[in-house]
Amino acid sequence: MRRPLSLLIFLLVFLAAFSDVISTNCFFMNAAPYALRISCGARNDVHTKPTNTFWYRDFGYSGGYFTNATRPSFISPPLDTVRYFPLSVGPENCYHIERVPHGHYSIRIFFGLVKDPTFDNEPLFDVSIEGTLVYSLQSGWSNHDDEQAFVESLVFLNDGTASICFHSTGHGDPAVLSIEILQVGNNAYNFGLGWGRGTILRTHKRLSCGAEKPKFDVDYNGDHWGGDRFWNSIATFGQSSDRILSTKNSIKLSPKVPNYYPEALYQTGLLSTDNQPDLTYTMDVDPNRNYSIWLHFAEIDPSVTGEGKRVFDILINGDTEFQEVDIVKMSGGINSALVLNKTVPVSGRSLTITLSPVKGSHAIISAIEIFEIVNAEAKTSIEEVSALQKLKTALGLPLRFGWNGDPCVPQQHPWSGVDCQFDATKVKWFIDGLVLDNQGLKGFLPDDISKLSHLQHMNLSENSIQGHIPSSLGKIASLEVLDLSYNLFNGSIPESLGGLTSIRILNLNGNSLSGKVPAALGGRLLHRASFNFTDNDGLCGIPGLRTCGPHLSAGAKIGIALGACAGLLLIATCLTCWWKRRQNILRTRQIAARAAPYAKARTHYSRDVQLTRHNNGHENARTAAENGPILLS
């Protein structure tokens with residue numbers, strides 16, 4: 001009976017665990033995607049009309065100030081505040097958002113203008129996401145009602161955080177109206193070879209080819225995955241002779257078309273005319289970049305009833321990229337969506353897309369999306385970034401340094417005073433130099449500085465750093481140059497510094513160091529190393545410094561100090577006892593001197609009484625028997 005019973009228990013436990021796994025998977029499959037919207041500068045949560053969109057109050061920022069805002073474009077969210085970052089708070093300022101689930105995200109930042117006539121009304125600055133430079137604002141961005149009012153990128157977030165930084169370029173103070181972090185499908189905008197966690201897609205242009213006005217999808221709420229997306233109209237790019245088509249029929253989204261595209265996108269389209277059968281779009285781009293182009297189609301023309309009625313080629317910058325495109329055949333039917341994607345390198349400053357009919361006299365298209373492919377920067381070692389942040393706090397680094405975000409990337413904006421080196425094997429950046437001399441630094445050196453294990457040179461001279469030199473510095477085996485001169489360091493030189501076998505230059509002069517210079521450091525002088533220990537009155541032990549006496553350990557020094565204190569205490573006790581005894585003797589003599597005259601007078605009186613009694617005794621002599629016993633008093 002025992003075996004069947006144990007088997008039954010095992011099956012029950014297994015089924016319970018399996019049901020938990022199924023329920024967990026179902027939960028994640030049905031859970032709503034992550035969505036975070038921040039109203040920058042707002043001190044309270046905000047709901048905006050007309051769709052009651054929720055915006056969190058401002059949080060996660062590294063510094064800066066909040067103030068009232070001016071919206072630069074009608075497409076900007078209807079928010080009233082901005083956060084701006086003057087250069088006095090540092091050249092790099094960031095939003096660091098924690099507890100972001102791992103996944104694929106659309107991150108969108110709207111720029112704002114400070115509502116103050118004394119401010120530069122059009123600041124120019126750079127924007128980075130996860131350490132990668134994605135956008136540089138160009139002059140005139142605030143005068144266009146299109147994509148220049150914001151930047152949007154598709155990026156993978158894998159470490160539970162999102163880092164968005166704004167880098168000053170000396171042309172006004174960066175000002176941010178809002179930040180949105182919206183989860184999209186993990187396979188969204190998969191352009192094939194090269195797509196993945198090492199790439200970022202920055203939105204360059206979106207055109208709703210059948211729309212007459214720019215819009216955010218159907219309304220500002222957008223769709224379930226990825227939120228709303230801005231679509232520019234054909235007003236700028238379409239030709240006046242082109243014909244707009246629209247339908248109220250439902251559009252079938254095939255499995256090949258992801259569900260983050262709104263159905264309404266395909267319910268309009270642009271149709272070429274008899275006079276100009278080729279449908280052509282030309283737009284400005286940045287040269288020497290790779291672009292991922294997404295073309296959206298749906299056959300909504302009632303004159304087309306089946307396959308083979310409309311066939312056309314697609315040319316990009318004169319090269320035929322798609323031949324004999326038949327929307328009905330490729331999508332599976334009338335009123336069905338079709339999405340085509342192509343990645344092309346562009347060396348010039350323009351991108352031209354042409355739809356040329358092969359069968360039928362017209363070409364049709366619903367929408368165009370163009371993304372710039374940006375190679376994501378490798379990040380700096382997390383351990384070394386943490387060590388720099390602790391050093392920033394310990395030294396009281398001035399705000400003007402910034403030191404926010406990643407110290408090494410984007411490469412166009414490294415931290416001031418920090419030198420970086422890229423390790424291609426580990427695909428990481430490491431800190432190999434610190435140059436912070438004569439910067440008015442105070443505080444102390446933390447022990448965590450040893451975590452900068454790739455340091456080759458460190459110059460902290462001519463500051464006011466105090467305390468002991470941390471012995472953990474001896475763990476940085478790669479250190480070649482260490483300059484701590486002209487500070488307020490005290491105590492002895494750590495013995496561990498003698499283990500720095502790569503050290504070539506060591507400057508500790510101009511401090512308040514004491515004790516014997518480690519013998520291992522003295523031996524380095526024979527290997528053409530350059531050391532400077534002068535202007536430290538307490539140092540000894542190498543040529544150029546005073547000769548050291550017997551070297552005592554720290555324990556011996558403490559023992560001697562305690563013994564000296566005990567001896568001084570004993571001497572003080574003995575002196576106190578002697579002084580009190582002498583005071584008692586003197587007091588006794590004084591009392592005796594005051595009592596002497598009375599004692600002498602009493603002595604004379606007693607003698608006179610005795611003589612008197614003696615004389616009376618002879619005159620009145622009696623026998624003992626007569627007088628009785630003598631009375632004693």
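Q: Is Cys 40 buried or exposed, going by its relative accessible area?
A: This is a predicted model, in which local features need pLDDT of at least 70, side-chain atom pairs count only at pLDDT 80 or more, and totals for chains, interfaces and linings use all residues. Residues are numbered from 1 along each chain as its sequence is written, and side-chain values use heavy atoms, leaving out hydrogens and water. Buried means under 20% relative accessible area, exposed over 50%, and partly exposed in between (1.4 Å probe, protein chains only). Cys 40 has a relative accessible area of 0%, so Cys 40 is buried.

Q: How many disulfides does the rule count?
A: A disulfide is a pair of cysteine sulfur atoms within 2.5 Å. Cys 577 is in no disulfide, since the nearest cysteine sulfur, that of Cys 574, is 6.5 Å away. By this rule the count is three.

Q: How many residues apart in sequence are the parts tied together by Cys 94 and Cys 165?
A: These two cysteines are joined by a disulfide, with 2.0 Å from S to S. Strands (E, at least two residues) are DSSP runs numbered from the N terminus, as are helices (H or I, at least four). Cys 94 lies in strand β6 and Cys 165 in strand β12, so the pair ties together parts whose separation in sequence is 71 residues.

Q: Why is the disulfide of Cys 540 and Cys 548 right-handed?
A: The sulfur atoms of Cys 540 and Cys 548 are 1.8 Å apart. The disulfide is right-handed because the torsion about its S-S bond is about 110 degrees.

Q: Which strand holds Cys 420?
A: Cys 420 is bonded to Cys 408, at 2.1 Å from S to S. Their link is left-handed, with -85 degrees about the S-S bond. Cys 408 sits in the loop between α3 and β27, whereas Cys 420, 12 residues apart from it, is in strand β27.

Q: Which are the edge strands of the open sheet of four strands?
A: Two strands pair if DSSP finds at least two bridges between them. The sheet runs in the order β30-β32-β34-β36, with parallel pairing. The strands that pair on one side only are β30 (466–468) and β36 (538–540).

Q: Which residue in β34 is the bridge partner of Asn 490?
A: Strands of a sheet pair through backbone hydrogen bonds, either parallel or antiparallel. Strand β32 (residues 488–491) and strand β34 (residues 512–516) pair in the parallel sense, over two bridges. The partner of Asn 490 in β34 is Ser 512.
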